[in-house]
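I opened this notebook page to record what I looked up in one protein model. The entries run from the overall form to single residue pairs.

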Amino acid sequence: FGVDNTAHWNTTGYKPGTYLTGVWVKDANSTKQYDAYAFGTFTIDFPNCTSTNMTRDASSPQVIGATVNFTASALGCPNPLFQWWVRNPQGVWTIVVPYAVGNTYAWDTTGHEAGTWQIGIWAKQTGSTKSYDAFAFLTYTLTTAAIGPPINQPCSAVNVDAAPASPQDKGTAVTLTTTVFGCDAPLYRFWVRDTAAVWKVVQDYSLTSSYVWSTTSRPAGTYLVGVWIKQTGDSASYEAYSFITYTLTVPPAQQACSSVGITSDVASPQSPSTPVTFTAAALGCGSSATYKFFVAPPGGAFTEVQPYSPTATYAWSTTGLAPGPYQVGVWARNAGSTRSYEAFAFITFQLQAPVPCSTLSLASTAHGWTTNNIQSQSPQPAGIVVDWSAASTCDNAPEYSFYVQKPGSTTFVVLHSYSPSATFSWNTAGLPRGLYNVKVLVRNQGSAPSVPYDTFAISAYELI
C-alpha cells in the first residue's frame, strides 16, 4: 500500500501466458484489508519466428572474387535477429555474421575455392534464449572462369528455384525449376528431405527439368528441396547439385488464438443503468476468431451472456443491477475449433451509485420589453424575459427541472422538465403582478425514477 497509483511490472523472466493483474485500494485511515478492488488479464506473448528465407542479388554460378549480397526475411516475429553461416565445399560450416540487428550479408568470395558452397541463416526473435527459431539455406557455385555455352561436357553448375516462394501453407503445389550450366544434354533427379531429415528421390533421372511438389499430405515444417544433374551418358551419381529450404505453414484458419484482450467504451466506474459496450480482440487466429462473453456479479460466479459468434462486442445492459464490482470476461477460439477456449481475458467493472448532486445555485438575468436591455434583478415590470441559470456539483452529468409558483398559490407548476440544460428563459408577458417563486431541481443523469431530485433551490422574483 502506498499513495502512488501506478505500478511498473518488469516481465523479464516471466513465461509467456495470460496473467491476472490487480489492485486493492483503501482510504489512508481505513483499517480494512481493502475498500475496493479491480482485476484484469494481461498476456505475455513471446513470438517465435515461424519461417525465414533469403534472396540474392546475383544468381549462381559466379566467378571467384564476386561479391554477392543476400537479404533475409522472417515471419512470425516482429523483431528478428539473423545469424549468417557459410559452408565450404568440404562441408565445414562457419559463422560469418553472429546474431545482430540487420538482415543483409555481403559475401566477398575473393580467395575462395571453386565448388558448391552453402549460405545459411538462423533467425530468432530478439530476446530469445533459443539457438534459433527457423533456418534457411541455399547452394551457390563458384567457378574459376565464366562458363561458356553448353557443350558435350560434364555439368558444371545448376540452380533450383521454387514458385511460389517459401513459406506457403501446406497443400500448396510448389513447382521446382532449374537452370543448368556447362552441359547440353542434362538429366535431372529431384529430392525432398522431410522434417524428420529423411531424404527421398521424388523424381528420378530424366530429361524433365522441373518438378511439381504436392504438399497436401506433408506436415508443417522446413524441408530441403533440390536437384542432382549430370550429362546424359555419364555414369557418375551426379555432376552438380542445388538445394534450397522451403517452409510449409499451417493455414491461418487452423491456427489457435494466442491471446485476447477486452476493453470497454466507457471507463469504470459508472452508475447503474449506464449502457456499456465491451470489445474483444484476439491475436494469432486472424479474422476467423469467435468470442463468448461472461459476466460475474459481485461475489458471484461467471454466467454466459453471449455464446460463441464472430461478434467481438457485447452490449451490457446495467439497468436494475446492484452497485458493486462486476467481472466481465471473454473466451476466444478459432472458428471450427472444438476446444472450450484458446485464450481468455477479463476485467473488473464497477457499478457505483452516484453521489447525490449538491451545492445548487440559481441566478437570474432580466432583459426587457423596451428597446433597452434591463440588466437589474427583481423587481421588474411584467412582460420582461428572465433567464434563469443553475449550477451544481454532481457525480455524473446533472439534469435540471424548473418550476414556478404564482402569487397566492401553494403549488409549483413545471416550466421545463428534466434535461441537461442548466438554463431556462421565463417569459412573463401577460402574467399578473406579484411575488413569484422559481424553483429548480437537480439530480444525476440516469437517476432511478424513485429519485425525484437530489437537491433544490428557490428564488423569489417580483413582477410590478
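The entries below follow the order of my look-ups.

**Entry 1, basis.** I worked with a predicted model in which local features need pLDDT of at least 70, side-chain atom pairs count only at pLDDT 80 or more, and totals for chains, interfaces and linings use all residues. Residues are numbered from 1 along each chain as its sequence is written, and side-chain values use heavy atoms, with hydrogens and water left out.

I noted a radius of gyration of 39 Å for the protein, whereas a compact globule of 464 residues would have one near 23 Å. The radius is taken over C-alpha atoms, and the globule rule is 2.2 Å times the number of residues to the power 0.38. The C-alpha trace spans about 125 × 55 × 40 Å along the principal axes.

**Entry 3, strands.** I counted 32 strands and zero helices; both are DSSP runs numbered from the N terminus, helices being H or I of at least four residues and strands E of at least two. I then examined an open, antiparallel sheet of three strands in the order β3-β5-β8. Two strands pair if DSSP finds at least two bridges between them. Because β3 (51-56) and β8 (104-108) are edge strands with a single partner each, one side of each lacks a neighbour in the sheet. β3 is joined to β5 (residues 67-75) by six bridges, and Asn53 has Ser73 in β5 as its bridge partner.

I looked up the salt bridges and found six in the structure, each being a side-chain nitrogen of Lys or Arg within 4 Å of a carboxyl oxygen of Asp or Glu.

- Asp35 pairs with Lys32, with the closest N and O atoms 3.7 Å apart. Asp35 is partly exposed at 37% relative accessible area, and Lys32 is partly exposed at 48%.
- Lys292 pairs with Glu304, with the closest N and O atoms 3.5 Å apart. Lys292 lies in strand β21 (residues 289-296) and Glu304 in strand β22 (residues 303-309), twelve residues apart. Lys292 is buried at 15%, while Glu304 is partly exposed at 39%.
- Arg443 pairs with Glu399, with the closest N and O atoms 2.6 Å apart. Arg443 is in strand β31 (residues 434-444) and Glu399 in strand β28 (residues 398-405), so this pair ties together parts 44 residues apart in sequence. Both Arg443 and Glu399 are buried.

Technical notes: Buried means under 20% relative accessible area, exposed over 50%, partly exposed in between (1.4 Å probe, protein chains only).
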